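Thanks for coming. I have one structure to go through today, so please look at the screen.

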Amino acid sequence: MDPDLHRKLLDANKSILANIARGAPLIETLTSIVNGIEALHHELSVAILLLDEHDKRLHLGAAPGLPPSYLRALDSATIDQAAWADRPAADAALEQVDEAQFWQGFREMALQHGLHVRLAVPLYSATTRMLGILGAYSHTAEPASGLQRQSILDMTALASIAIERSADEARISRTEKSRHEDFTRMALAIDGSGTGIWDRNVATGEIHYSSGWKALFGYAEDEVTNRIEDSYTRVHPDELAYVQSTMQAHFEQQTESYAVEHRLRCKDGSYKWVSSRGKVVSRDSDGKPLRMIGTTTDITAMRALSERLQQSVDLITSLTNEVPGFIFQYRLLPNGHAYFSYASEGIRDTYEVSPEQVADNVSLIHKAVHPDDFAYYRASIEASAANLTPWHLEYRVILPRQGIRWHQGDARPRRLADGSIQWHGFVTDITERRRAEEEMQLATLVYKVSSEAMMVTDANGTIITVNPAFTQMTGYTPDEVIGKTPRILSSGRHDRAFYQAMWQAMISTGKWQGEIMDRRKDGSVYPKWLTINTTSGEGTSGLRRVAQFYDMTEKKKSEEVIWRQANFDTLTGLPNRQMFMDRLGQEIKKSHRADLPLALMFLDLDRFKEVNDTLGHDIGDVLLKQTAERLSNCVRDSDTVARLGGDEFTIILGEQNDIGCVERIAQEILRKLAKPFQLGNEAVYLTTSIGITFYPADADSVDALIKNADQAMYAAKNLGRNRYHYFTRAMQEAAQTRMRLANDLHGALVGNQLRVYYQPIVDLSTGQIHKAEALIRWQHPTRGLVNPADFIPIAEDTGMIIDIGDWVFRAAARQVMRWRESHHAAFQISINASPVQFHNDSTLHIAWPAYLDQLGLHGDSIVVEITESSLMEARATVIDHLIGFRDAGIQLSLDDFGTGYSSLSYLKKFDIDYLKIDQSFVQNLSRDSEDMVLSEAIIVMAHKLGIKVVAEGVETAEQRDLLAAAGCDYAQGYLYAPPLPAEEFEAFLARQIAPLKPVR
């Protein structure tokens, strides 16, 4: 071969192989093959035709040098593959067209377009599957040379490789597309089933979520970041540590997979219960996780269903344990072994054994059966097992403690798949019933009279006889009813279906019993309990029906009374707590169906206890009844006003089309309750605080709504009472903060976090400071200085105020001892005592004076400040404390005087030493103000009673001067100094070298 031609052939082969290697499009590769051949043999024009496996036709692959008209005629031509297949391999590889008769049609087609077919080469795959044909054409009829044949054969092999590789890539692409479509369908199916998919890159800390996952929690596609840290913020705080530790355990290969159930926050702030499942799918050479894939499924409904199922199980267990006798499940195996698969707690009384003792030992039950009854007891069980008929038996047992007792057993058997027989039934103690039956039989023999009305009819329903009780109850004499039918008693209150059901029962079972309305002779309709039994004699003529009945009128009245007592408040006639809870649940369901909001109001009367204690409980009851009447007049008939107890009321406003209506009702309630209540000779003024919450905006459960309304009500009280307040999320957060403070407060004393500050009390006549008030402060380790108003109520609610108050007293006592030595021999410190301390600590009046004696201090070194409410309650424990303090020389101060309902007689009865004018009067003092008049009146009254007066909250010189001019004894406030730690207080005293300038 010419070296130059050989080099060109090699270059063409390299170029074509490069195209195949880089995956160039098939047409591009085939075109380069055609161009390569034509470049080597200028006199030839080449075409590559591809064979379609399905339609067996040739389709144009590449033929840049042939006339378009010929290519159009050639495209979609058919070929006889069998003729090619029958050729010997050597010949089939390269065929002289003149010798290939089956090619004759193509040769004639080429001649029509001025072309001669030099060569026709079949293209085969590695498995000898025909892929197409390579044809070489010229404008002359010369046969192909050996060089042309060899070079075309080489190119044919490349063309076959290119076609086969393209086909393989197409199949791979289709497979990958199919897999992708399968994966997409699977993902869509998972997303549609309430399950989201997530893919976590452990190494980078990224996590990706499927669209279904985002939709599951209310997020749009671009509203969820890929940071793993952000994902943890959505986990409920109570379960975060559990989720993280479980995932870490899987990372460390302690578990086969990751599986947890926890709550996850949605976009709207609500939480859903979810089941998260996942698995690490790749790790590095050290075993560290690289990638983890998992799913998240919403199981909120399933959790709720599970809780309801558990409640049902608990209810059923509770009921079975409360039912007289015991309920059982008894199983007899094919091999004769028997056991109780279930026995209720009632077996302890019925057989004096435990459920556990009979779980696999029925002999304890059999041994208890009376020997005289055991034979037919055993036979009855065997008959029930053999015939699968209900087991019913009355028999005696002998018990260790109770002796001989009568039992009645009832059970229904059924055969199980394994051939065993299982009974479900119950056994009750009928000893008393048997005794009653015997007594009844004796009574029948003696008196021959029934206390119940009786009527006997024949087979045709004609009345045969009646007893005296019948006449007494119905008013009909025997002569008036015998020979007639019972229709004479019909009230017309029951329809045809009722009587048809009654007769059907009697025909099928021979008896009927139930409640029925009948009419007496005088026309009055009454309820009665009717029992009908059928007896049969010889033939149908002997059939009799015996009807017994008694008047249920009084029983109905009693049931109505009991029902009202159980569901209504006896004082006000309003629904009570039980009825309120039921109605609230029903109203929630109605609101949900109607898609309308529901409003719940929680009302607490302001200062009702003070009125009740002052005027008496009888007057308080009248006030509650009038309040209930006014509240009922403020709402619709469809709304519910209920009394929960004491002075707490609730109002359910269902299906609110207009939310503004709720506010108008609240305003109307405040207006009506603000009007005076005329209680005998007393006119009492009362207000209320109202909390309001909405379903479903604020909560979707009964308990949550009540809690929200209660919090809102307390917010109204804290804002000054006589107002309404809506529930907000801030209240919930405040409640949680309060709970956390309560938890932290337990460690405040032990952790040395409490401090005592002292505020000077100045003698207005001399300007000297020989008094101070001890005020507690809490230095929280993370929150800083906590306001006493935030933690003192918590301490009182939890009872911690007892230990805290005692600690403050002892700290103040030690401090006053030092200041009596260093500053003034008569120095005095006031401490605040909570009402809770008086109620819950019965030794306070003994322990505190004893501690002062231990320090060598006289009682007048301490002043105990109490509130008006403590004085008003005047319980025995309070009286004991106050008298004990007085006897020990400890002085008493009445705090916040003027804001309550203190009785003047109590001021003398308990030897009150000081009155403290509340700072609310002092803040607005001016020469002619009402607060000035009230302050002067308090001062004059106190002095008449021999009591000194301290004014709190003095902040200006004008306030000081007005109080001094009115004769006030002492002043306390920021005009002089704020509450100070002991060291700063001592420094403050040291700076007062001369007394503060007296005002008078």
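I will go from the whole chain to its cavities, and then to a few single residues.

Please keep in mind that this is a predicted model. The chain has 1000 residues, and 43% of them are buried. By secondary structure, there are 36 helices and 37 strands. If we take contacts between residues at least 6 apart in sequence, 56% join residues at least 24 apart. The accessible surface comes to about 51700 Å², and carbon and sulfur atoms account for 52% of that.

Now the cavities. How many of 30 Å³ or more does the structure hold? There are 4. The largest cavity has a volume of about 210 Å³. Lining this cavity are 17 residues, and the closest to its centre are Ile 207, Tyr 209, Ser 231, Tyr 258 and Ser 276. By class, the lining of the largest cavity has 11 nonpolar, 4 polar and 2 charged residues. Strands β6, β7 and β8 each supply at least two residues of that lining, and so do helices α9 and α10.

The second largest cavity has a volume of about 140 Å³. Its lining has 14 residues, with Phe 328, Phe 340, Tyr 377, Ile 381 and Trp 391 nearest the centre. In this lining 13 residues are nonpolar, 1 is polar and none is charged. Which element gives the most to the lining of the second largest cavity? That is β11, with 3 residues. Other elements that supply at least two residues each include α13, covering 363–368, and α14, covering 371–387. Strands β13 and β15 are also among them.

Next, a helix with a simple length check. Helix α18 runs over residues 496–509, which is 14 residues. At 1.5 Å a residue the helix should span 20 Å, and its end C-alpha atoms are 20 Å apart, so the two values agree. Just after α18 comes Gly 510, with a positive phi of about 85°.

Helix α24 covers residues 702–718, and Lys 717 lies in it. Is Lys 717 buried or exposed? Lys 717 has a relative accessible area of 16%. Buried means under 20%, so Lys 717 counts as buried. What is Lys 717 in contact with, leaving aside neighbours within four places in sequence? The contacts are Asp 604, Leu 605, Asp 606 and Ser 689.

For Asp 595, phi is near 55°. Asp 595 sits in the loop between α20, residues 577–594, and β21, residues 598–606. With a relative accessible area of 68%, Asp 595 is exposed, since the cut-off for exposed is over 50%.

The other is Glu 655, where phi is near 45°. Glu 655 is found in the loop between β23, residues 648–653, and α23, residues 660–674. The relative accessible area of Glu 655 is 27%, so Glu 655 counts as partly exposed.

That is what I have. I can go back to any of these places on the screen.

Terms used
Residues are numbered from 1 along each chain as its sequence is written. This is a predicted model: local features need pLDDT of at least 70, side-chain atom pairs count only at pLDDT 80 or more; totals for chains, interfaces and linings use all residues. Side-chain values use heavy atoms; hydrogens and water are left out. On a 1 Å grid over the protein atoms alone, a cavity is a set of points where a 1.4 Å probe fits but cannot get out, and a pocket is an open set with protein on both sides within 12 Å along at least five of seven lines; lining residues have an atom within 4 Å of a point. Grid points are joined across faces, edges and corners, and a volume is the space filled by probe spheres set on the points. Helices (H or I, at least four residues) and strands (E, at least two) are DSSP runs, numbered from the N terminus. Ala, Val, Leu, Ile, Met, Phe, Trp, Tyr, Cys and Pro count as nonpolar, Asp, Glu, Lys and Arg as charged, and the others, Gly among them, as polar. Buried means under 20% relative accessible area, exposed over 50%, partly exposed in between (1.4 Å probe, protein chains only). Contact means heavy atoms within 4.5 Å. Accessible areas come from the Shrake-Rupley method with a 1.4 Å probe; for residues, only the protein chains shown count as cover. The expected span of a helix is 1.5 Å times one less than its number of residues.
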